[in-house]
Number of protein chains: 2
Amino acid sequence: MDLRINRKSPVPLYLQISGAIQGLILAGRLPDGFLLPPERRLADSLGVNRTTVVNAYQQLKADGFVAAHVGRGTSVLGPRPEERGAGPVQPLPWLQLARDGAAREPDPLVRDLLALTERKDVISLAVGLPAPELLPIEALGRIHRRLLAERGAEIFLHSPTEGVTAFREAVCRHMVSRGIQCGASEVLITSGSQQALDLVARTYLAPGDAVAVEEPSYFGALATFRVAQARLLGVPCDGDGMRTDLLENLLARQRPRLIYTLPTFQNPSGSVLSLERRRRLLELAYRYQVPVLEDDPYSDLRYGGDAVPSLKALDRNGYVIYLSSFSKILFPGLRLGWIAAPRQAVRQLALTKQLVDLHSSTLGQWMVERFISEGLFSRHLEAVRAEYARRRDAMVEALQSEAPEGFTWSRPEGGFYVWCSFPERVSQSALLQKAAEEHVAFLPGNASFVGEPERNHLRLNFTYCAPDQIREGVSRLVRAYRAAAAGPRSHERPAGGTPPIV
Amino acid sequence: MDLRINRKSPVPLYLQISGAIQGLILAGRLPDGFLLPPERRLADSLGVNRTTVVNAYQQLKADGFVAAHVGRGTSVLGPRPEERGAGPVQPLPWLQLARDGAAREPDPLVRDLLALTERKDVISLAVGLPAPELLPIEALGRIHRRLLAERGAEIFLHSPTEGVTAFREAVCRHMVSRGIQCGASEVLITSGSQQALDLVARTYLAPGDAVAVEEPSYFGALATFRVAQARLLGVPCDGDGMRTDLLENLLARQRPRLIYTLPTFQNPSGSVLSLERRRRLLELAYRYQVPVLEDDPYSDLRYGGDAVPSLKALDRNGYVIYLSSFSKILFPGLRLGWIAAPRQAVRQLALTKQLVDLHSSTLGQWMVERFISEGLFSRHLEAVRAEYARRRDAMVEALQSEAPEGFTWSRPEGGFYVWCSFPERVSQSALLQKAAEEHVAFLPGNASFVGEPERNHLRLNFTYCAPDQIREGVSRLVRAYRAAAAGPRSHERPAGGTPPIV
């Protein structure tokens, strides 16, 4: 009988013991009639007084879990008749209890992939993470000490739902470097930009509402909109981002409630929406009175070419809800992002956030505030920009020298990802399988589309691994690709159309 | 013309300048025809090369925001005809864009109250906070240094949605002291217990589903269920907690999807559900196959009497989802709570959390893990228990010696709150008004009820303020009460019934 007790607990020891035994009985690990150890023996083995065990057994008896018989010891009783009710208790069917539309288990493909990226012998080009070895953690000890000395308990107490004021102001100063001018009252701090997406979906989308999204788009956002039971309307993209000519058609016919776009170094395609299309997109939003959700985690990470103003910077009429994050440049584990939006929208989103988690971590907000205010953030940005440019080049060069015919890739001007395409005749799942054998992981492209894409795609990250690893990863991927291309076409659509399911 | 530029930004200076001017134009702060400063003058005032300003103005011209005329300088242009579309752009009606059921502005009463508690000259008995001066922050510097040395960047990186494994294990060890035995895989770390409530509501409640709640109950949970568009079914309480005899009737007739209860030192009433009723509640849940949501933030804070096992400890059939939090004892600003539930429920709730914020702050989890593992948490618990007992006594004694006739109060055995009742003839809003004049704040009771209570109530917190402040606060409250009782009965229900609204 394995019992755990805690001497520092306020719960009296005898109640801990009776509770633990009761737990074993309830879990079915001590069957009906099971003889409990004699009081003295249990007392010795637990290092407690005999009286404590006597009291515990008396409690169990009073609660109807055991029977004590002089000379025969204390034995476990089955459930009392009145507890059985009309019959045996049915276990709850937890899986079926989830409401319609609740989040579901991911695609087995994605699950296998996630399992793969956790293996140490796998080169992961699948993630969306900054280089961990470049994180400026040496400054953190000093910052933490100084915050404790200057602010004391404050950094561990509640803070406003909208965010710590000094941090909101620092975020505004940082946005100036992106060409965005706004005040602290137009900023809402979020627990990462995943929460920002969720807050917007919960506040503005009712089941059945339509959302216009790029194809491809960020799969995490698509999942959030799906759980909000929104209808996703895909707008095709080309090298200049979302095809605004096609967006217009869709706005006129389907009246979406929201246009979701990642205009700069898009996830997954890496493309940049051209300035002309940005203007056009805003004009269309104004004409059809549709708010624009601009997701911009990557625009600080430009490795060449000229910056293009964000939609938020171009918007003259308060139509844009702008999202960004510190997770792609600083510390993803702190879960800090932000929304910049018209004041009324910030107020409404803050009401939603209040019910979701009250506010984001006060400590984390103060730490990143110090990073921005002390100039450490921009210094770090310069360092990672230089290194990530090298890593992008390493990946693109490796692809240039190794990629087989039919396999194409982008050369992004910034961000995190190279976007690759390959013919439909090569099976995605076969490629994943072969890649696993070669110990390399990538993100399959299909999860980024609303419908089924015409070609196959995959997303390769170049920021997380060092250049040598990237080159080795590309070699492994190319080997896996050749093997998959040589194999049977397991997932090809039948030439004669869809077979009826009978 | 007030321009901000950032020399460390990757955005070229000329684009920053053109962007800032464009922002001013778009915001309507530089009207049509406004003459921009000569290039050299602006260059001097910003401390940049003249070429930079020349380039900025050329960009603005190319973008159609200004016109340059030789000898006349550069002047602002109005919107281009094609940007005007069919007419002037309509501002978005952000308030109306929120979906039905989105979080709404709080009751003006609550809003006034919140504004009041922020004033330094007000004694706040309204909050639900631990004593900030008792927080064990002196250990935090050391813990942070050690974590940095031992774990490096890991504490700032992503961690599993379910929580850092070591932290989940520490939470399990802590639960043993509450008589609960479960494994790490049955625990989900949440961003505070507000998030836990929200995750449960989002996962298990569809609009129109019924939830059985105590009356009174925690107003934050009621707000969460309301935003999930659930129907709230109130179950009356007495000194022994929820009236399980009335619960049965409700289960049989209304088939709620969830029973929500705070059985131990309830918020707001401070009551404890008796052991007999705990057993009865579980029997009913089993019979009607309804999951039980047990919210237990306060049970570690017992100041006298015997501990009663939690529903989770008594549950033999996996029907209980158990919530708790570190915010009432350790650091509310870290936003850390947890769910302990059957594995299938934890899995489903983690899928929801994945879309909500990916995971809770990695740093915060490691810090609290160290607090538990180094025994600092139980030591702190002992210290606050002793002090909070004194504060409860100070409040109860002050009420005993000062409270006027008709004003009654509880003496809780633990937790945070004294629950007071007073006759309906004294207007709640008049009392709030008078309390504001006396510089004391409390939580009005009505927000804690589903319907309208028969008597008036208010909740007083005794953990946040020092004993002297508590005594002074009670004196002020009593003065406010006498003044309100002497005034006109502004909110009394008319004796003849409800007047028709015409």
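Student: Okay, what does Ser185(A) touch, leaving out residues up to four places away in sequence?

Tutor: Ser185(A) touches Arg343(A) and Val346(A). Touching here means that the C-beta atoms, placed from the backbone, lie within 7 Å. Before we go on: this is a predicted model, where local features need pLDDT of at least 70 and side-chain atom pairs count only at pLDDT 80 or more, while totals for chains, interfaces and linings use all residues. Residues are numbered from 1 along each chain as its sequence is written, and chains are lettered from A and ligands numbered from 1 in the order in which they are written.

Student: Got it. Where is Ser185(A) placed?

Tutor: In the loop between helix H8 (165-176) and S4 of chain A. Helices (H or I, at least four residues) and strands (E, at least two) are DSSP runs, numbered from the N terminus.

Student: Is Ser185(A) buried, exposed or partly exposed?

Tutor: Partly exposed, because Ser185(A) has 13 other C-beta atoms within 10 Å. A residue is buried with 20 or more other C-beta atoms within 10 Å of its own, exposed with 12 or fewer, and partly exposed in between, with C-beta atoms placed from the backbone. From C-alpha to C-alpha, Ser185(A) is 8.9 Å from Glu169(A), and the two are 16 residues apart in sequence.

Student: You mentioned S4. Which sheet order does S4 of chain A belong to?

Tutor: S4-S11-S10-S9-S8-S5-S6-S7, an open sheet of eight strands with mixed pairing. Strand S4 (187-190) and strand S7 (241-242) of chain A each have a single partner strand, so one side of each has no neighbour in the sheet. Two strands count as paired if DSSP finds at least two bridges between them.

Student: And what packs on that sheet?

Tutor: Helix H9 (residues 192-204) of chain A does, touching S4, S8, S9, S10 and S11 of chain A. The direction of H9 makes about 155° with that of S10(A); axes are lines fitted to C-alpha atoms, for helices over the stretch in contact, and angles run from 0 to 180 degrees between N-to-C directions.

Student: How do S5(A) and S8(A) pair?

Tutor: In the parallel sense, over three bridges. In that region, Ala212(A) stands opposite Ile259(A) in S8(A). S8(A) and S9(A) also pair in the parallel sense over three bridges, and the bridge partner of Thr261(A) in S9(A) is Glu294(A).

Student: Switching topic. What's the order of the four-strand sheet in chain A?

Tutor: S12-S13-S16-S15, open, with antiparallel pairing. Its edge strands are S12 (408-409) and S15 (443-444) of chain A, each pairing on one side only. Two bridges join S12(A) to S13(A), and Thr408(A) stands opposite Ser421(A) in S13(A).

Student: Which peptide bonds in chain B are cis?

Tutor: Among them are the one from Glu215(B) to Pro216(B), with omega near 0°, and the one from Asn267(B) to Pro268(B), with omega near 15°. Pro216(B) is in the loop between strand S5 (210-215) and helix H10 (219-227) of chain B.

Student: Which surface do the copies meet through?

Tutor: The same surface, because 100% of the interface residues of chain A are also interface residues in chain B.

Terms used
Two residues are in contact if their C-beta atoms, placed from the backbone, lie within 7 Å.
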